[in-house]
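Trainee: Could we go through this model together? I would like to begin with the terms and then move on to the helices.

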Amino acid sequence: MSLEQTSSRTAAAEPASVSVEGLRIGYGALEVVKGLDLRVAQGEIITLLGPSGCGKTTTLRAIAGFVSPSHGAIRLHGRDVTDIAPNKRNIGLVFQGYALFPHMSVFDNVAYGLRMRKVPAPEIRERVERALKLVKLERFAERRPRELSGGQQQRVAIARAVVIEPAVLLLDEPLSNLDAKLRHEMRVELRRLLKEMGIASIFVTHDQEEAIVLSDRVVLMNEGRIEQEGTPQTMYNRPGSLFAAAFLGQANFLRGTVASLGADGTAIIDIDGDRFQAQACGGLKAGAPATLVVKCERLRLDRSGRSQAQCTFEAANFLGPSVQLQCSFKGQRLVGLLPASTEGGAMLEPGAPVTLSWGEADGLIFPRAD
Amino acid sequence: MSDLAAPNSIPGPRRRKRRFDAAHLALVAYVVLFVLFILAPLVVVVGSSFEPRELLRFPPQGLSLRWYYQALNSDLFVGAAWNSLIIAIFATLGALLLGVPAAYGLARFDFKGREAVSGLLNSPLLVPELVMGLALLQILAGLQIASSVLTLTLGHILICLPYVVRTINSAIVGVDRSVEEAAANLGAARWRIYLTILLPIIRPALYAAILFSFLMSFDNAVLSLFLVSARTSTLPISVYNYVQYSLDPAIAAVSTLLMAVSVVALFTVSRLVPLDRIKQ
């Protein structure tokens with residue numbers, strides 16, 4: 001996966017399939033998107049990730065043409081489409097509920113876009129068959145949508161959107177209506193499919209795991225603006241803000257004050273008398289309030305890491321492949337996610353002292369507002 | 001509810017069966033009375049239409065098609081029946097042309113005064129037909145327009161409109177908006193979306209609207225009473241006028257034929273779409 005992602009990053013130099021410049025969208029007095037710039041290269045898969053209300057779906061609908069921006073421009077392969085009607089944009093869209101045409105067969109659903117483009121019938125047949133084969137539904141061409149399972153309906157929606165060879169494929173939470181097991185299978189399958197077709201794609205999701213698995217680049221949105229963007233690895237390992245750190249993965253947030261700043265990009269945080277060295281992020285000032293962020297799975301139940309915290313054990317929850325260890329440290333909560341094979345965790349009594357440690361590079365210190 | 005507890009909670013088979021029988025009998029009696037209540041007037045009308053003599057009575061003294069022959073050869077009834085048919089067809093067409101776009105607008109757009117417009121479109125249901133008839137009569141008199149098939153049709157469009165708007169509106173509300181967006185996204189212009197996506201999806205409701213509208217117009221008497229003239233009459237009005245002077249079984253024969261039209265219309269629609277799929 002990492003190889004693929006490296007190659008697509010170099011593709012960013014090519015002309016963008018879609019570019020969005022200074023996009024602002026408001027509903028009445030309420031501004032939902034507050035200045036957004038976005039470029040998606042040919043064949044690149046990006047995710048708009050964020051909590052509900054962050055403007056990600058609105059941005060997607062603006063690119064599709066269902067919402068008019070108050071400012072900014074949307075370009076497809078360099079052509080300005082900001083004021084062009086949705087039916088004249090050549091954009092593929094996969095809806096959250098799929099929005100299949102219930103009165104048409106799978107074949108007619110997929111053929112619809114081609115018929116609107118007045119493609120000759122023999123070519124329609126050929127292209128629809130190819131699209132259905134791609135999503136492994138060639139045997140279901142004569143079925144009605146309601147005779148298909150959720151996963152199959154979703155694949156029809158994808159076939160219908162890609163058969164028109166759109167400049168960009170937009171997917172609005174396409175996996176959210178599937179059950180957990182199918183969702184996990186489909187996100188890998190979907191990535192393979194999109195890469196095979198080489199269509200630039202923009203996903204909208206609030207599920208950080210989905211964003212990490214599916215995309216070449218994650219664009220994290222917060223309150224109508226881009227909070228941070230980067231490869232899934234960067235976003236996960238090097239969050240640029242407390243918001244990003246909280247949104248991607250599970251992490252611990254320990255409140256303290258900055259004790260001192262190092263020259264090598266590190267800082268020391270003081271948490272009620274205990275001091276930890278970690279990576280300094282953002283404008284830290286000695287004596288100012290700060291938060292130490294450590295991902296749950298980076299905590300170890302031994303003294304192997306340089307940063308060590310003397311905690312009180314509270315509870316252990318068996319999660320299958322891993323064990324969740326709940327401890328308290330100086331009155332703050334510290335949660336560790338350890339492999340289920342870790343010895344010792346299950347034998348602890350509530351209230352017992354326990355030492356959790358982590359590597360220096362696993363800790364990030366962010367300035368805190370209050 | 002667990003499998004283990006179930007055998008104990010079921011009463012003995014004999015006792016259970018007897019109780020079931022008493023309830024079952026009561027249910028059968030209820031249903032039979034209910035059906036009789038609905039059918040009795042129809043049975044009386046249809047039955048007396050076969051009376052061979054001059055006097056309307058039930059049960060008939062014999063079986064004869066004499067009065068059907070007479071009714072179908074009467075210029076009065078046949079002319080009125082044609083009027084009723086033409087008016088019902090054009091009133092339905094008119095109500096669809098006005099009502100379907102109105103229903104779409106009410107279902108899809110949020111605008112100022114939406115509730116008021118909705119109320120206005122439904123008002124013919126609330127205002128007594130007697131009042132509407134009187135009002136229309138006054139307007140026609142004021143404009144010095146003579147009653148004709150056209151004025152009757154216009155009046156009937158008014159009473160058909162609420163049925164079309166209500167039926168179609170609830171059908172459109174049930175159609176996911178994103179289906180229309182998907183069609184637009186795939187390149188369909190607005191009129192194409194209506195013709196290839198929306199109208200086919202709400203086809204059952206369209207049939208229902210056509211049926212209700214047609215029957216509302218075809219069977220209407222109260223409003224028509226104000227709009228007919230000596231030269232143009234509708235079938236229900238002719239029946240009404242006829243009973244005022246004579247009570248021979250011809251009236252039963254005509255009524256039976258009037259019912260037959262309704263039954264045929266209902267049957268045709270139910271063949272096109274299962275009745276339980278008609279939403280109102």
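Mentor: Buried means under 20% relative accessible area, exposed over 50%, and partly exposed in between, with a 1.4 Å probe and protein chains only. Helices (H or I, at least four residues) and strands (E, at least two) are DSSP runs, numbered from the N terminus. This is a predicted model, in which local features need pLDDT of at least 70 and side-chain atom pairs count only at pLDDT 80 or more, while totals for chains, interfaces and linings use all residues. Residues are numbered from 1 along each chain as its sequence is written, chains are lettered from A and ligands numbered from 1 in the order in which they are written, and side-chain values use heavy atoms, with hydrogens and water left out.

Trainee: Why is helix H8 of chain B described as largely enclosed by the rest of the structure?

Mentor: Eight of the nine residues of H8(B), which covers residues 177-185, are buried, so the helix is largely enclosed. Among the buried residues are Glu180(B), Glu181(B) and Asn185(B).

Trainee: What covers the buried residues of H8(B)?

Mentor: Contact here means heavy atoms within 4.5 Å. The cover includes H2, strand E6 (91-94), helix H3 (106-116) and H5 of chain A, together with H4 and helix H9 (190-201) of chain B.

Trainee: Which residue just after H8(B) takes a positive phi?

Mentor: That is Gly187(B), with a phi of about 110°.

Trainee: You mentioned H2 of chain A. How many of its residues are buried?

Mentor: Seven of the nine residues of H2(A), residues 56-64, are buried, so this helix is largely enclosed by the rest of the structure. The buried residues include Lys56(A), Thr58(A) and Thr59(A). Just after H2(A), Gly65(A) takes a positive phi of about 100°.

Trainee: Now helix packing. How do H5 and H6 of chain A pack?

Mentor: Axes are lines fitted to C-alpha atoms, for helices over the stretch in contact, and angles run from 0 to 180 degrees between N-to-C directions. H5(A), residues 150-162, and H6(A), residues 180-197, pack at an angle of about 20° with their axes 12 Å apart. That makes H5(A) roughly parallel to H6(A). Angles under 35 degrees count as roughly parallel, over 145 as roughly antiparallel, 65 to 115 as roughly perpendicular and the rest as oblique.

Trainee: Which residues meet there?

Mentor: From H5(A), Gly151(A), Gln154(A), Arg155(A), Ile158(A) and Val162(A) meet Leu182(A), Met186(A), Leu190(A), Leu193(A) and Met197(A) of H6(A). These divide into seven nonpolar, two polar and one charged. Ala, Val, Leu, Ile, Met, Phe, Trp, Tyr, Cys and Pro count as nonpolar, Asp, Glu, Lys and Arg as charged, and the others, Gly among them, as polar.

Trainee: And H4 with H7 in chain B: at what angle do they pack?

Mentor: H4(B), residues 75-108, and H7(B), residues 149-173, pack at about 40°, with their axes 5 Å apart. The two are therefore oblique to each other. Their contact comprises 22 nonpolar, six polar and one charged residue.

Trainee: What about H10 and H13 of chain B: how do their axes cross?

Mentor: The axes of H10(B) (residues 203-218) and H13(B) (residues 250-272) come within 10 Å and cross at roughly 175°. That makes H10(B) roughly antiparallel to H13(B). Residues that meet include Tyr207(B) and Phe214(B) of H10(B), and Val261(B) and Ser262(B) of H13(B). The contact divides into 11 nonpolar, one polar and no charged residues.

Trainee: Is His71(A) buried, partly exposed or exposed?

Mentor: His71(A) counts as partly exposed, at 49% relative accessibility. This residue lies in strand E4 (residues 71-76) of chain A. Not counting residues up to four places away in sequence, His71(A) touches Gly22(A), Leu23(A) and Arg24(A).

Trainee: Lastly, where is Gly28(A) found?

Mentor: Gly28(A) is in the loop between strands E1 (16-27) and E2 (30-41) of chain A, and at 79% relative accessibility it counts as exposed.
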